[in-house]
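Please keep the structure in view while reading.

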Amino acid sequence: MNNFISKVMLFLVAALLVISSIGPSPASAWTVFKDIGAEDVEIDYLYDRGLIQGISKYEFGPSHLVTREQAATMIGRALGLNGTKRNTKFSDVNPTSYGSGYIQSAVEKGFISGYPDGSFKPSQIMTRGEMARLLSRAFYLTQTSSVFYADVEVNNASNSLYTAVNKITTAGISTGTGDGKYSPLQKLTREEFAIFLARSLDTKFKVTFQNATIAKLYSTTDNLNARTGPSTGYNVIGQIQKGAEVQVYGYNGNWAYGKSGTVTGYFSLSYLSKVVATPSRVMVIDAGHGGSDPGAVANGLREKDVNLDVSLRVERMLKAKGIQVLMVRRTDVFYSLDYRAAYGVKNGADAFVSIHANAASAGVSGSETFYSASVANDSKQLATFIQNRLYKAMEHTNRGVKEYDYRVIEANPLPAALVELGFLTNSGDAAKLATSTYKERAASAVAEGIEDYYEWKER
Ligand SMILES: [Zn+2]
């Protein structure tokens, strides 16, 4: 050791001696009692304030049980109530007993009422359930929240056990005994009592409750409401879609309280299932033109006929894939563009595909699929999945995925695509679209592109 370090050491030792001799050296509970450690900060906190004592000179007795008289005394002391020994309203509390004053003061404050037969049972061990009632009244707790314990039945009456347990949980005084339980009938130990009381007195000890997941259920419907309480009379605070998972924290009649994504609330059990439901897939197929509007006419073909023929094939193929299909038209009739654009939303569909055939100069061939960027949704992906299959199936030029505000897709709030199968004005494309082989191939490409889209969307 060199000279400098030894001087520093000497100084430090001297400084420590000074501090320990002049400091007010508060005796921590863990230095007094052999049966608690420095981690028992709540016991230390109460001991420092003279609110709790040992069961003997060197023992705190953390696992000893707490009688009702002891609990009333310690809470009365913590609240600064009058502890002068005196007569109480209870026949079984001796006026000369140590807790009589605190018991009577608690009666006067209204947080102790005793048993219906007029007794207080001072030497009976306090349960965790009784402690919840006592603390919630003694500290005038009023706030409740959505708290579930598997062993405390939900009962929103103001004097119920559930309400008392809910209040002390909401106040950060208890998080139960683990596994989603509160254990209301369990006898209260001195250590538990100290923790409860310290958390009631000082926010720095408070804890945050988290509901335990007791089941996982899945929505069987789209737009299932989450509500603030267990009936349709309560406000809607969110919605979940078919197939969404609900982590269930508890049940109340025909309602489950739980969390799904960012939504926490009550969901009707009528729409929850133990098995995952397939998300709904409802596609609108719009065969372009029709009736008085033939669309393009060339090489012996009318566009409205080709469109309807291919559309009916797409309908059959989608249904075989389990996709619901809503057909704007299934016969040679005319509908306005705005009617077609609004049709899907009006009927609960989730996407829209309009099927057309093209016209240009005779040399132009190939397929192309359009989307509109007027609404921010997955229209471009829908168009892309279809186009990627279509030109291959038609064995002609890939003219690509293009952005264009055709009315039926531009005015459509759903993801929407407009498919141009090929050019009726081109003899090669027209010859293909005249055969059932290529109409079947085109339809299959569109149907598979739609399936690709749903699988991507639900990924
Ligand atoms: Zn057209």
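Helix axes here are lines fitted to C-alpha atoms over the stretch in contact, and angles between N-to-C directions run from 0 to 180 degrees. With that convention, helix H4 (residues 68–78) and helix H5 (residues 100–109) pack at about 70 degrees, their axes 8 Å apart. H4 is therefore roughly perpendicular to H5, since angles of 65 to 115 degrees fall in that class. The model is a predicted one. Its protein chain has an average pLDDT of 90, and 94% of the residues score at least 70.

**Helix H4 and its surroundings**

- On the H4 side, the contact with H5 uses Glu69, Ala72, Thr73, Gly76 and Arg77. Ser100, Tyr102 and Ile103 are their partners in H5.
- Sorted by class, this contact of H4 with H5 holds 3 nonpolar, 3 polar and 2 charged residues.
- Why is H4 largely enclosed by the rest of the structure? Of its 11 residues, 9 are buried, so the remainder of the structure largely encloses H4.
- The buried residues of H4 are Arg68, Glu69, Ala71, Ala72, Thr73, Met74, Ile75, Gly76 and Ala78.
- H5, H6 and H8 are what the buried residues of H4 pack against.
- Gly80 follows H4 and has a positive phi, near 70 degrees.

**Helix H7**

- H7 is mostly covered, with 8 of its 10 residues buried.
- The buried residues in H7 are Tyr162, Thr163, Ala164, Val165, Asn166, Lys167, Ile168 and Thr169.
- Helix H6 (128–138) and H8 are included in what covers them.
- Gly172 comes after H7, and its phi is positive, near 80 degrees.

**Zinc site**

- Which protein residues are donors of the zinc ion? They are His289 through NE2, Glu303 through OE and His356 through ND1, lying 2.2 Å from the ion.
- Along the chain, the donors follow the spacing H-x13-E-x52-H.
- His289 lies in the loop between strand E8 (282–287) and strand E9 (297–298), while Glu303 belongs to helix H9 (residues 303–320), so this pair ties together parts 14 residues apart in sequence.
- His289 and Glu303 are both buried.

**Ser183**

- Ser183 sits in the loop between helix H7 (161–170) and helix H8 (190–201).
- Ser183 has a relative accessible area of 14%, so it counts as buried, the cut-off being under 20%.
- Apart from neighbours within four places in sequence, Ser183 contacts Arg128, Asp151 and Thr177.

**Gly449**

- Gly449 is part of helix H14 (residues 436–457).
- Is Gly449 buried or exposed? Gly449 is buried, at 0% relative accessibility.
- Gly449 touches Phe385, Ile386 and Arg389, leaving out residues up to four places away in sequence.
- Gly449 and Ala383 are 66 residues apart along the chain, and their C-alpha atoms are separated by 8.3 Å.

- Lys392 is located in helix H11 (residues 379–394). Lys392 is exposed, at 51% relative accessibility.
- Ser336 occupies the loop between strand E11 (324–327) and helix H10 (337–346). Ser336 is partly exposed, with 35% relative accessible area.
- Ser336 and Leu318 are 18 residues apart in sequence, and 25 Å apart in space from C-alpha to C-alpha.

- Most residues other than glycine have a negative phi. Two cases here go the other way.
- Tyr140 has a positive phi, near 50 degrees. Its place is in the loop between H6 and H7, and Tyr140 is exposed at 56% relative accessibility.
- Asn223 has a positive phi of about 55 degrees. Asn223 lies in the loop between strand E1 (215–219) and strand E2 (224–227), and at 43% relative accessibility Asn223 is partly exposed.

How values were computed
Residues numbered from 1 in each chain as written. Predicted model: local features only at pLDDT ≥ 70, side-chain atom pairs only at ≥ 80, totals over all residues. Heavy atoms only, no water. pLDDT = per-residue confidence, 0-100. Donors = N, O, S within 2.8 Å, 3.2 Å for Na, K, Ca; no water. Helix = DSSP H or I, 4+ residues; strand = E, 2+ residues; numbered from the N terminus. Buried < 20%, exposed > 50% of the residue type's maximum accessible area, 1.4 Å probe, protein only. Contact = heavy atoms within 4.5 Å. Parallel < 35°, antiparallel > 145°, perpendicular 65-115°, else oblique. Nonpolar A, V, L, I, M, F, W, Y, C, P; charged D, E, K, R; others polar.
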